[in-house]
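Let's take a walk through this structure together, one piece at a time. Keep the picture open while you read.

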Amino acid sequence: MLGLPLAFSAPLVLGALALLPVLWYLLRITPPRPRMIAFPPLKLILDLQPKEDTPARTPWWLMLLRLALAAAIVLAMAGPVWNPKPVTEAGKGPVLVVLDDGWPAAVQWSLRISAANDAIATAARQGRTGAVAAVSDGARDIAFSDPVKTIERLRAMKPMPYMPNRMAALGAIKKFLAANPQADILWISDGIAAGDSRGFAEGLIAAAGNDANVRVLNASQLPLALAGAENSPSALDVRVLRTAAGGAVQGTLRAYDLKGLPVGETHFAFSGDTETKARFELPIELRNEIARVEIDAEHSAGAVTLLDSRWKRRRVDVVSGVTADVSQPLLSPSYYVTKALAPFADVREPRVGIRDPVSAALDEHPAMLVLADVGVVAGAAQDKLKQFIEDGGVLLRFAGSRLAASTDDFVPVRLRRGGRVLGGSLSWDTPRRLAPFERESPFYGLAASEEISVTRQVLAEPEAGLPGKTWAALADGTPMVTAVRRGKGLIVLFHVTADTTWSNLPLSGLFVDMLRRITAMSGESATGDTNATASAEGQANRTETVAPTRTLDGFGVLGDPPVTAKPIPIDHSGVGSADHPPGFYGPVTALVAVNTLSPQDKLEAANFQGLRLDMQALRPAEPIDLRPWFICLAFIALLADALASIWLGGGLRGLRKRTPGRAVSAAILAVLAFGAVEMTGAPRAHAQMQFDPPSSRGQFDLRNMPGQRQQAPATLGNVHPALATRLAYVITGDAKIDEASQAGLMTLSRALAARTALTPGDPMGVDPSKDELVFFPLIYWPIVASRPQPSADTVARISNFMKQGGMMVFDTRDAMTNRPGDAPTPETQWLRRLLAGVDVPELEVVPRDHVVTKTFYLLDNFVGRTTVGQTWIEALPPATEDPAQRPARASDSVSPIVITSNDLAAAWAADSRGQPLYPLIPGTNRQREMAIRGGVNLVMYTLTGNYKSDQVHVRDLLERLGH
Amino acid sequence: MVDARLLDEDESGVQASHSQGALDIARRLPSLVVAAKQVAATVMHGVHGRRRAGVGETFWQFRPFVWGEPTTRIDWRRSARDDRVYVREREWEAAHTVWIWMDRSPSMNYVSSLAAQAKVDRALVLGMAAADLLVRGGERVGIPGLMRAVATRNIVDRFAENMIEEARRKAYVPAELPPGDTLAARTQAVLIGDFLSEPAEIERTVHGMAARGAQGHLVMIADPVEETFPFSGHTEFLDVDSSARLRVGEAQSFKAEYISRLAKHRDAVRAVCASRGWTFAIHRTDRPASEALLALRMRIEAEGGGLLQGSVA
């Protein structure tokens, strides 16, 4: 009726609506009760005759209410029904109900069943026989049975979790129609093109012939589906599909883990397209837990996507042993590793400047830890790392000069100190190529590119079992990648650096593939058996099958697999089918997911255009008798009318008079006033606290002071060290030495201020065990052998300071006692013990062309109180071919350490009038001046780095610019 | 829309039924008494009476003896100190009698939403306040037909007691007008009510009371609604002391006629007063009571020629 699914069981009663105008007229002339007003001076006007006594009219809204009341009663009497059942005319032959039962049919399944039910029951009432054919039955014969059994069978039917091909069922239907040429066909379609719906429809028409009646009940609500989940670096992306015909515009996706606990939810919205993307932006650990994603309130197998370990992303932490230098990322060993891992793992690097990066990285629970040229793992980190590997973590190490110089437990093979250089000026070898990968190697199958060359590597000590640990080797058979199982975990060592200094492997695509294989092992190593993993990867292509564990039913619920489900090969990549229903296959530890839709699938609505079909929509709901609602409405209107009449007649005033209105309003006022006082009073109280008089604030400060004093470093005093660039020295505890350091650095600071652009603040004594060192570019440390060694924590702080770009100048002051060939002096031994826990780079005596000798003055060596001692500094990379062109050489960063024995500070030290404080050996003014110049050079080197070595090219650069 | 109603039985002033007893009254009366005293106090500070010499007890002044006066008036003690002869004058003190009558008829039990107080409340407050004021000025005050004139400090309580006493009587019917008994000469009457009775009845009462030359003051209490007639629409008016009722379709059409009739009625009452030299004032219950009391006091004072002199002292 009027396009609405509304019908009346007694439509004649609606004629009573014609009486409404009469009612309107009657109501118009019946006025409401007048107001009653007592009026003492009534006597004065009692004799007056009303001039005009037309009764007041009933207000329009009251009239409307009463008319609505009458209309509601009339409509209720007419027996309105919402969604009336369609009336079907009787046919002659039997009725065949063809039922789509693929996953899209799950959306309105109960409606489909009840529609089929109605068809069978109606046929039975008309004395016709009926039969049901489900599409998934395929070529099975269709047989009549009595209606009760047919309906029972209908009730037991469930949608299938896959998309059956309808054409398979067409043969049986043709056979049935040949036997019953007069049959009526009712096809309850799911409205999806997949499964060849158009071909099936054409086949039905052809089989039914010209006179047969083919009725199609098309789905009124089309399904949504999920496909193609993808775990990208930042989020889990899922494609949400719909048919072009429409469907829900937005909705919610929920993600569950393997136990069915909700992990996250997200929203999706279609904007005109048939496909949209939903993102789960969750931490990687949570995303890896997701095993099932489904559309909320969309109960079908297609609205569920299952995820197995192929979708997991592993977290990899990369720690580099090299001094952090963010301005030159290409030189950082971690750069290539990070880039190579990024496509398939979540790569994290510890914050720059963190004290113990290995511990910090392990605290993030990575699946794999990459150590790029970290020489020593010591202290608490060592235990943590051991635990990490025992628990199944993978440690991937890269060699480098630091690793070559030291050994610890975390290498798969024993390493020779030093390593070898191939193709250098002193070696007769050419750079080596990679040998093809062995069959046992996890890298088997990757092509060992000819372009890869290795110029330097660390060497493994030959020992028994070395070939078994070797995953990759050079052409001459020396191991290139070695690995060993330890506990549940794995240690892998690349015998080259992670950057390009030793080989060009990190630049190749092979590097990415190798890392991918290692990363894949990091996931399974936690659960897999101990030594088979390496070979299992190599034998991946043998045909192993896994049995179904949990499968989806048509409604998208995981349950026990049906008996018809068959195992799948382990590398199965298709969508679910009758034999392989979608679900999880294999053991719980290594599940393989089979989905209803393939990642590239699209949903299309069935196209029946131009076909001679009787299309009807699937009736969305049961009929609803609206009569009680109309009666209820009429009753409410009646009550409202009564109330309105009483109100108009002034009947409510009597009620109001007796209510203690004043008391109530007074109470409300009081409450409001109290609230206002509360609100205005509270801020005032706060304000008072803020603007306390100074005296009371002073007391407050005093009370809190002791705690702050304890925290503040005693030697830093009130001057915050970050306010100015300043030199610092380590307070040794020996008063004489400290005095000399203070005076020496003071003189040096004055010299710097007088001669250079730098105006340093006053030097400061620091205690490395307590004070923050990060503010100082250079710290001078005179070694006093009689002092106790600093604690391991302090050593870690020192090491950290050096890694962050600070320079430590250790002064052993033993040039006079130290003779070549003698036993080391106590100071030297003390320093060696101190540096045992620090990553010290390779050192050399300051070469004549080192940039530190050129940064401000041109110097030959660094002298102090003595001139005979040598000064050590981080070794420069090997000289280039053309040393004549480069008067100064520099590494890519500032040396973190300078070791001298010439007692620099004492040579610098002078009082406030410039008079030297200590005698020099041999002792000339020239020597004192050279000592100051050496100090200036050291400071300028610390602050400017290799700038000066580039500066020598300025003439060439200017010439080039001139052209 | 303006709302108006009649007071319930238990709401109306000193009128108490037998069943309700004195408790209900006591609940209401103290507030009236206090209100009356407060209003009186305000007025005493508002206007200072001129002090005059006259018959009285307290010393007023010495003045030189004027030839022809009785020599008995000479104050010899004062005159002995001087060559002149002085007369001691006393402050004029004369105890007058004022009769105060308050209308407590049903038509007074009326209050509209525009008014501050019911008419009867206002009448009682006004009357008792006037009594308090007068007694403190040295006058004697009574209620005609109910209480003889006395000059006691607790005159307000006495008024209340007597009125409760009267209201407790079985056959008590509050009268619309005071009993028309003739008052003595040189007494004053203060009549407070709404005076909606026929002008002829009012005339009879006033003439009766003033037959021997008593002066009087009428204060007509009116609810704002009674003056402005702010009604409209379909309305049925009920009389308060009779069963008369008037149903009108359009109440607003009666407004002009009602107001002219009310004015005519008031003119008639005013004429009645004027014919005996009485004063007439109209007081609306949306105005403060002290305003009416002040006006009343001024008139009593003018009438009595310093009746309230010394009330400040």
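## A residue in a loop

A:Val840 sits in the loop of chain A that runs between α21 (826-835) and β36 (843-845). Helices here are DSSP runs of H or I with at least four residues, strands are runs of E with at least two, and both are numbered from the N terminus. Before going further, note that this is a predicted model, where local features need pLDDT of at least 70, side-chain atom pairs count only at pLDDT 80 or more, and totals for chains, interfaces and linings use all residues. Residues are numbered from 1 along each chain as its sequence is written, while chains are lettered from A and ligands numbered from 1 in the order in which they are written.

Is A:Val840 buried or exposed? A:Val840 counts as buried because 22 other C-beta atoms lie within 10 Å. (Buried takes 20 or more other C-beta atoms within 10 Å of the residue's own, exposed takes 12 or fewer, and partly exposed is in between; C-beta atoms are placed from the backbone.) Setting aside neighbours within four places in sequence, A:Val840 is in contact with A:Leu835 and A:Ile897. Contact means that the two C-beta atoms, placed from the backbone, lie within 7 Å. A:Met802 is 38 residues away from A:Val840 along the chain, and their C-alpha atoms are 9.1 Å apart.

## Strands and their partners

Now for the strands. Two strands pair if DSSP finds at least two bridges between them. Here are some of the pairs:

| Strands | Sense | Bridges |
|---|---|---|
| β35 (807-811) and β38 (897-900) of chain A | parallel | four |
| β37 (872-874) and β38 of chain A | antiparallel | two |
| β8 (224-231) and β9 of chain A | antiparallel | six |
| β9 and β12 (275-280) of chain A | antiparallel | six |

In β38(A), A:Val898 is the bridge partner of A:Val809, and A:Ile899 is the bridge partner of A:Trp872.

A hairpin of four residues links β8(A) to β9(A), and A:Leu224 stands opposite A:Arg242 in β9(A). Over in β12(A), A:Lys277 is the bridge partner of A:Arg239. As a rule, side chains in a regular strand alternate between the two faces of the sheet.

## A helix to follow

Find α2 (residues 60-77) of chain A. This helix has 18 residues and reaches 26 Å from its first C-alpha to its last, close to the 26 Å expected at 1.5 Å a residue. (That expected span is 1.5 Å times one less than the number of residues.) A:Arg66, A:Ala72 and A:Leu75 are buried in α2(A). What do the buried residues of α2(A) pack against? They pack against α1 (20-29), β3 (80-82) and α15 (627-648) of chain A. Just after α2(A), A:Gly79 takes a positive phi of about 70°.

## Where the chains touch

Chain A gives 24 residues to the contact and chain B gives 31. On the chain A side, the elements that give two or more residues are β2 (35-38) and α16 (651-658). β2(A) gives the most, with four residues. That side of chain A divides into 16 nonpolar, one polar and seven charged residues. (Ala, Val, Leu, Ile, Met, Phe, Trp, Tyr, Cys and Pro count as nonpolar, Asp, Glu, Lys and Arg as charged, and the others, Gly among them, as polar.) β2(A) also runs parallel to β10 (residues 235-238) of chain B, joined by four bridges. In β10(B), B:Phe237 is the bridge partner of A:Ile37.

## The cores

A nonpolar core is a set of buried Ala, Val, Leu, Ile, Met, Phe, Trp, Tyr and Cys residues joined through C-beta atoms within 7 Å. The largest one has 71 residues, and B:Ile100, B:Leu126 and B:Ala131 are among those with the most contacts inside it. Helix α3 (residues 119-136) of chain B gives the most to this core, with 12 residues. Apart from this core lies another, of 64 residues, including A:Phe410 and A:Phe443.

## The whole chains

Chain A comes to 25 helices and 38 strands, and buried residues make up 38% of its 963 residues. Chain B has eight helices and 12 strands, with 41% of its 313 residues buried.
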